[in-house]
There are 2 protein chains.
Amino acid sequence: MTQPTQPLHIVDIIRHKRDGLALSTPEIQHFIHGIVDRSITDAQASALLMAIFLRGLSPQELAALPTAMRFSGDTFDATPLHTFTIDKHSTGGVGDKTSLLIAPILAAAGLAAPTPAGIPGICVPMISGRSLGHTGGTLDKLETIPGFNTQLTLPQFFDTLKTCGAALIGQTPTLVPADRILYALRDHIGTIESPNLITASIMSKKLAESLNALVLDVKTGSGAFMKSYDDSRYLASLMVQTGTLAGTRTVALLTTHDQPLGRFAGNWLEVQECVDIMQQVRHPMSADLIELTNILSGWMLHLAGQADTPAQGAVLSDQILRSGAAYQAWLGIIAAQGGDTSVFHSSRTQNAPSSAIHDDAPRIYSRTLTASTSGYFASMDCTQAGWAVQGLGAGSAKPGDPVSAHAGIQVHAKLGQQLTQGHPLITLYSEEESLLDEPYHMLQETLQIQPSAPHLQPLIREVITTG
Amino acid sequence: MTQPTQPLHIVDIIRHKRDGLALSTPEIQHFIHGIVDRSITDAQASALLMAIFLRGLSPQELAALPTAMRFSGDTFDATPLHTFTIDKHSTGGVGDKTSLLIAPILAAAGLAAPTPAGIPGICVPMISGRSLGHTGGTLDKLETIPGFNTQLTLPQFFDTLKTCGAALIGQTPTLVPADRILYALRDHIGTIESPNLITASIMSKKLAESLNALVLDVKTGSGAFMKSYDDSRYLASLMVQTGTLAGTRTVALLTTHDQPLGRFAGNWLEVQECVDIMQQVRHPMSADLIELTNILSGWMLHLAGQADTPAQGAVLSDQILRSGAAYQAWLGIIAAQGGDTSVFHSSRTQNAPSSAIHDDAPRIYSRTLTASTSGYFASMDCTQAGWAVQGLGAGSAKPGDPVSAHAGIQVHAKLGQQLTQGHPLITLYSEEESLLDEPYHMLQETLQIQPSAPHLQPLIREVITTG
C-alpha cells in the first residue's frame with residue numbers, strides 16, 4: 001500500500017494494476033481526481049481502464065472506485081430529510097418501463113406514511129438514463145409528456161422529493177462527472193463489457209443518490225446486455241457486494257428477459273401502457289410487466305419497512321396500483337416536474353396506441369408480423385426487437401438527436417403461447433413509412449414457432465442479497 | 001481473420017486483442033497507419049498497447065508489427081549498393097561503447113573487400129539512439145566530437161556508407177515515425193517493460209535499415225534493463241524469431257552486464273577509450289570491452305562471409321584493430337560526417353582522461369571511491385553506476401537538454417579482482433562540483449568487497465540463433 005505522504009504518480013498506478021497488484025484507495029482517488037481535473041490524460045486513463053478490464057478489481061478496489069467517482073462532483077444528500085431513500089436500477093431492457101410504475105408506487109406508500117416533519121416516509125430520488133444500445137431510456141420516455149422537465153437542479157430535485165415522494169431526473173453535468181468521462185472513454189476504446197467497470201459506473205450514480213437501500217433488476221437472456229446467466233449473476237453479485245460495502249442495503253433480482261416486457265416498447269407507447277395500468281386498465285399482454293413491477297416494488301417496500309416480507313410487499317404494491325394511489329402519486333410527480341397531465345385523460349382503444357399527445361399529432365404508419373404457421377411461440381431475439389424499436393425511430397442515431405414519441409412495437413403474443421397460423425405477433429409503428437421495412441424483416445427472421453411447448457425460464461431466476 | 005474487403009475499425013481491433021485473439025496482419029497495419037495519420041487517438045492506441053502488454057503477441061503478430069512500423073514512413077534500402085548490410089544492436093548498458101569500435105572494424109573489412117562496383121563489400125548502416133534511463137547513448141557520445149553530424153539526410157547516409165563502409169546517425173523524423181509515437185506513448189502510460197513491445201520497437205528500426213544480417217547484444221545482469229536471465233533470454237529469442245521471420249539473418253548473444261563495460265562510462269570518456277584502443281593503447285581495464293567487441297564483430301564478419309566461424313571472425317576483428325585499419329576507417333567515417341579528427345591526436349596520459357576537446361575546456365572535478373577493506377571486489381549495482389553517470393551530467397534531464405561531454409566514471413578495478421584496503425575503485429568526474437556528492441554516496445553503498453573470490457558469470461552466457 002502506498003504511504004499517504006508519498007506523492008502518487010499515474011504511471012506507477014497504471015504499472016501496479018498492469019502487474020496485477022491491488023490499488024490502494026488513495027491511488028483510486030488520485031485516478032478519479034486526475035481524470036476530472038484533466039491532470040491525467042485520456043491515454044493514461046485508457047491504459048488503466050484496459051488494465052482493470054484484464055486484471056480485474058478486488059472487492060476493496062471495487063468499493064473504492066464508485067465511491068471516489070461519486071465524490072467527483074456535486075453530491076446529492078437526502079439525509080436532512082430523515083426519510084427512507086430507496087431506488088431501483090435495471091441493467092436495461094426492451095419495453096422495460098418498471099421505473100414509471102415503481103416510482104409512483106413507492107411515492108404513494110411514502111405519502112401514506114409521512115415522517116414527523118410531514119414529508120413522505122419513503123423517497124425515490126431516481127436519476128435515470130437515456131436509450132443505450134438496443135434498450136430504451138426512462139428519460140426518453142418521460143420527455144414525451146409535454147412540458148415534463150428531466151433537467152431539474154439539485155434544489156428542485158430535493159423539493160420535488162419532499163412534496164411528491166419521488167422525482168425522475170437525468171444526470172446533471174456536475175453530478176458524478178467522472179462517470180461521464182470514463183463511460184465515453186470506455187466506449188471509445190472498447191472496454192464497455194467489463195463487469196467491474198459496469199458495476200463502478202452504475203453504482204457511482206446510485207451511491208450519489210445517498211440511498212438507504214437499492215434494488216437491482218439484473219436482466220439475463222436474449223434481450224439483456226449480458227446474455228449468459230453466469231455473466232449476469234457475476235455482475236449482480238459485484239453490484240450487491242459494492243453497494244453493501246458502501247453502506248447501502250443492496251438486493252439484486254436476476255430476471256429473465258427473452259422477450260419485450262409488457263405490451264409496448266417505444267417511448268410514448270410505454271408511458272401509455274403504464275398510465276393504463278395505473279388507471280386500472282390491465283391488458284393481458286401487460287401481465288409480465290405488472291408481475292415484475294410488484295415483485296421489485298415488493299422488495300423495496302420490504303426494505304423500507306412497509307412489509308414484513310418481499311412477498312407481502314408485492315401484495316401491497318399491487319394494492320397501491322389497484323387503489324389508484326399510485327396514479328395520484330404519478331400525477332403529482334408529473335405536475336411537479338412541469339408535465340401536462342391532461343394528456344393522460346385522452347380516450348384510447350384497447351388495441352391500438354393513441355397518437356393524441358398533441359392536436360397536431362403526426363400520422364403513424366404500422367405493419368404487423370403474424371404467425372407463419374400454427375404452433376407454440378417458442379423464441380425471439382429480444383435484442384433484435386430492441387434494435388427494431390430503435391430503428392423505427394424511438395432511439396437517436398447519436399446522443400442529443402430527437403427521438404420519435406410514437407415509434408415502437410406492440411406485442412400481441414407472449415412466448416409459450418399457442419397460436420394459429422396468421423395470429424398477430426408484433427405490430428411495428430413509425431412516424432416514417434420508410435422505416436418500417438428493415439425492422440419488419442429483421443424481426444421476422446428471429447420469431448420462432450414450433451410444434452411443441454418450449455421450455456421457458458421463470459421471470460425471477462434468483463435473488464442475490466450478498467456479493 | 002478479417003476479410004480484406006471488410007472495413008477495419010480500431011475498437012474491434014482493440015476488442016480482439018483484449019479478448020486474447022491474434023490480430024491479423026491487416027489489423028496490425030490498420031493500427032500502425034492510424035497512429036501515424038492520427039485517425040486513431042492516443043486513448044485508443046494506449047488501450048491496445050496495454051492489451052498487447054497483458055495478452056502478448058503470437059510469432060506471426062510479432063513479425064507483422066515491426067514490419068508495419070518499418071513501413072510507416074520513409075524507408076532506407078541499401079539493396080541497390082549490392083553490398084552486405086549488417087548491424088549490431090545492444091539492449092543498452094553502462095560504458096557499452098562497442099558500436100564505436102564495431103562500425104570501423106566492419107567498415108575496414110568491407111573496404112578491404114570491395115564489390116565489383118568498387119564500394120565496400122560490407123556496409124554498416126547504424127541508426128543509433130540517445131541515452132535511455134541509466135544507459136548511455138551512442139549519439140550522445142559521438143556528438144562530443146566537434147562538428148560530427150548525426151542528423152544526415154538519407155541520401156547523405158547512403159553516400160557515407162558507399163564511401164566509408166559505415167555511418168552512424170540518429171533516427172530521422174520520417175524514418176519509422178510509428179516507433180517514435182508508440183515509444184512516447186508507452187513511456188507515458190507505463191508499458192515500456194514489455195518484451196513484445198521492446199522487440200517491435202527495436203526490430204522496426206533495425207528492419208528499416210534493410211539488413212542482410214543483424215547481431216544483437218542482449219544484456220543480462222545488474223546493469224541491464226532485463227535483470228533476470230530468463231527475461232533477457234526470452235527477449236533475445238523474440239528478437240531473433242522476429243528478425244528471422246522478416247528475412248534478416250539474426251543472432252543474439254546474451255552477455256553478462258554486472259559492471260560497467262571497459263574503463264570509462266561517459267560521453268567523451270568513452271570516445272577516448274575507443275580511440276585509445278584503435279591507436280593500440282590497450283589498458284587492462286578495457287579488456288572486457290575489447291573481448292566483447294571482437295566476439296560481436298567476429299559474428300558479424302562470419303555472417304558477412306569474411307570468416308568461416310565466429311571464432312575466426314573474432315581473431316580477424318582483433319587483427320583489424322591491431323593493424324590500425326579500424327582506426328583509419330574510423331577517421332574516414334568521422335571526417336565524412338563533418339567531425340574534427342584532430343581531437344584524436346591530443347596527447348593523453350594513461351591514468352586520467354583528457355579534457356582537451358576544445359581550447360576552452362571546462363574545469364573537471366573528480367572524486368575517487370576506494371576499497372573500504374581488503375578482499376575480493378564481489379559485486380556492484382551496475383544500474384546505480386549508470387544512474388551515477390547520468391547524475392554527474394552525462395545524461396539529459398529531459399529529451400533535448402544538453403549533456404556533459406566530460407562527466408562520467410573511470411573504473412580502476414573489475415569484479416573478482418583481489419584488492420588491498422584503499423585501492424581505488426571508481427573515480428567520478430563532473431563539470432559541476434556539486435554534482436559529485438550524490439552519485440558518490442549512491443555508488444559507495446553498492447560496492448561490495450568480500451573475503452572469498454565471488455562466483456562470476458562468463459561474459460558470453462549464450463548464443464541464440466533461432467527464436
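Visitor: Which residues in helix 15 of chain A meet helix 16 of chain A?
Guide: In this predicted model, local features need pLDDT of at least 70, side-chain atom pairs count only at pLDDT 80 or more, and totals for chains, interfaces and linings use all residues. Residues are numbered from 1 along each chain as its sequence is written. With helices taken as DSSP runs (H or I, at least four residues) numbered from the N terminus, and contact meaning heavy atoms within 4.5 Å, the partners in helix 16 of chain A are Pro439(A), Met442(A), Leu443(A) and Thr446(A). On the side of helix 15 of chain A, they meet Gln384(A), Ala385(A), Trp387(A), Ala388(A), Gly391(A) and Leu392(A).

Visitor: How are helix 15 of chain A and helix 16 of chain A oriented to each other, parallel or antiparallel?
Guide: Their axes, which are lines fitted to C-alpha atoms over the stretch in contact, with angles from 0 to 180 degrees between N-to-C directions, come within 9 Å and cross at roughly 170 degrees. Angles under 35 degrees count as roughly parallel, over 145 as roughly antiparallel, 65 to 115 as roughly perpendicular and the rest as oblique. The two helices are therefore roughly antiparallel.

Visitor: Is Leu392(B) buried or exposed?
Guide: Leu392(B) lies in helix 15 (residues 382-394) of chain B and touches, among others beyond four places in sequence, Ala407(B), Leu428(B) and Pro439(B). Buried means under 20% relative accessible area, exposed over 50% and partly exposed in between, with a 1.4 Å probe and protein chains only. Because its relative accessible area is 1%, Leu392(B) is buried.

Notes:
Chains are lettered from A and ligands numbered from 1 in the order in which they are written. Side-chain values use heavy atoms; hydrogens and water are left out.
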